[in-house]
Amino acid sequence: MKFNTKTIHGGQEYDKAYGAVMPPIYQTSTYAQSTPGGHKGYEYSRTHNPTRHALENAFASIENGEYGLAFSSGLAAIDGVIKLLQPGDEVISTNDLYGGTYRLFTKIFERFGIKFQFIGMENASDIEAYITDKTKLIWVETPTNPMMNIIDIKSIASVTKKYNILLAVDNTFATPYLQRPLDLGADIVMHSATKYIGGHSDLVMGALIVKDEELSKKLYFIQNASGAICGPQDSFLALRGIKTLHVRMQRHCENGKAIAHFLKTHDKVDQVYWPGFEDHPNHTIAKDQMDDFGGMISFTTKDDSYQGAVHVVEKLRLFTLAESLGGVESLAGHPASMTHASIPIEERQKIGVKDSLIRLSVGIEDIEDLIADLKQALD
């Protein structure tokens, strides 16, 4: 089954009760039993819910996995992955990543004896120098947030297989429409399904997808024991979002390309970070592991100041100044004061997150309107 068909039918079946085409919203906490332990597969909705179950099947299908898990947020999903580890274990993570992930790693899990190393992963061979006998997990974002760096998943996977280390990939920016990390050797794929998968800025959710049965059992146990599950209403909305993921992503990519090229030629813009440019570091890897280059773009203004960046984002009219990304509407953000404010300034600056950096989530509006909005704000 091809991807565009999977978004509509993958992992899905008609409702067994009445043949409903869309899985019903099972807004219930518990289920009647005919005898103690005698039920129809569902006993309590923290453990299982038919609407969430349908969504988890869809997650697995579009990522070419076998098992999907839906969580209450992307950070709840990451929390579930780190709970696979023990005190004393070590994690190697890319040094350019979402601020909430960095905060979870350093402010929560470091206190429980898990060590995190944050390194550049643009050259996969550099990772081996950081691996010890305590390293249990490599955490990758690609494209990275917000600098749009590209990491070679297949090469990283060859290293993790050599040392018997888990490889988890945050695939939020790319989505399975563009990139399928499990096919490239990853063990776990994570999504903030709040973003492109939901696609309409009306839910908060996280997802994990795996192929290995034993790994799935450990994660299902953590999901149930910790209880960070999403509700049936949000599950229904995410299922609806998946059904249009392919058509939305096509337009996100088209608009993103046009805006990236517009920004690169604008006299008020300094650097544009978008993996579709031939001079982008690891562009050839992006071409190899992605089917297109997405709708996320970061850029800096030539005056290279906090005030200059803030002025631009405040003057935008169609681009909404807001956190998050991946909705049908275009958003603009200032990472240093918004999504990445939890990362210390010295760490931000090491990876290029300047005060003048602006991050765009390019929506699916008419491209001429979007370019006109950016032009008037920059001018």
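**Exercise 1. Which strands does strand 4 pair with, and in which sense?**

Step 1. Start with strand 2 (residues 90-94): four bridges join strand 2 to strand 4, and the two run parallel. Strands here are DSSP runs of E with at least two residues, helices are runs of H or I with at least four, and both are numbered from the N terminus. Two strands pair if DSSP finds at least two bridges between them.

Step 2. Find a facing residue. V91 stands opposite L137 in strand 4.

Step 3. Turn to strand 5 (residues 166-170). Strand 4 pairs with strand 5 over five bridges, in the parallel sense. V140 stands opposite V169 in strand 5.

A note on the model: it is predicted, local features need pLDDT of at least 70, side-chain atom pairs count only at pLDDT 80 or more, and totals for chains, interfaces and linings use all residues. Residues are numbered from 1 along each chain as its sequence is written, and side-chain values use heavy atoms, with hydrogens and water left out.

**Exercise 2. Why is strand 4 largely enclosed by the rest of the structure?**

Step 1. Strand 4 spans residues 135-141. Count its buried residues (under 20% relative accessible area, with exposed over 50% and partly exposed in between; 1.4 Å probe, protein chains only).

Step 2. Six of the seven are buried, so the rest of the structure largely encloses strand 4.

**Exercise 3. What is the strand order in the open sheet of five strands?**

Step 1. The order is 8-9-12-11-10, with mixed pairing. Strand 8 (269-273) and strand 10 (320-321) are the edges, each pairing on one side only.

Step 2. Walk across. Strands 8 and 9 are antiparallel over three bridges, with V272 opposite F299. Strands 9 and 12 are antiparallel over five bridges, with T300 opposite L357. Strand 11 (residues 331-333) and strand 12 (residues 357-361) are antiparallel over three bridges, and the bridge partner of G333 is R359.

**Exercise 4. Which way do the residues of strand 9 point?**

Step 1. In a regular strand the side chains alternate between the two faces of the sheet.

Step 2. M296, S298 and T300 point one way, I297, F299 and T301 the other, and all are buried.
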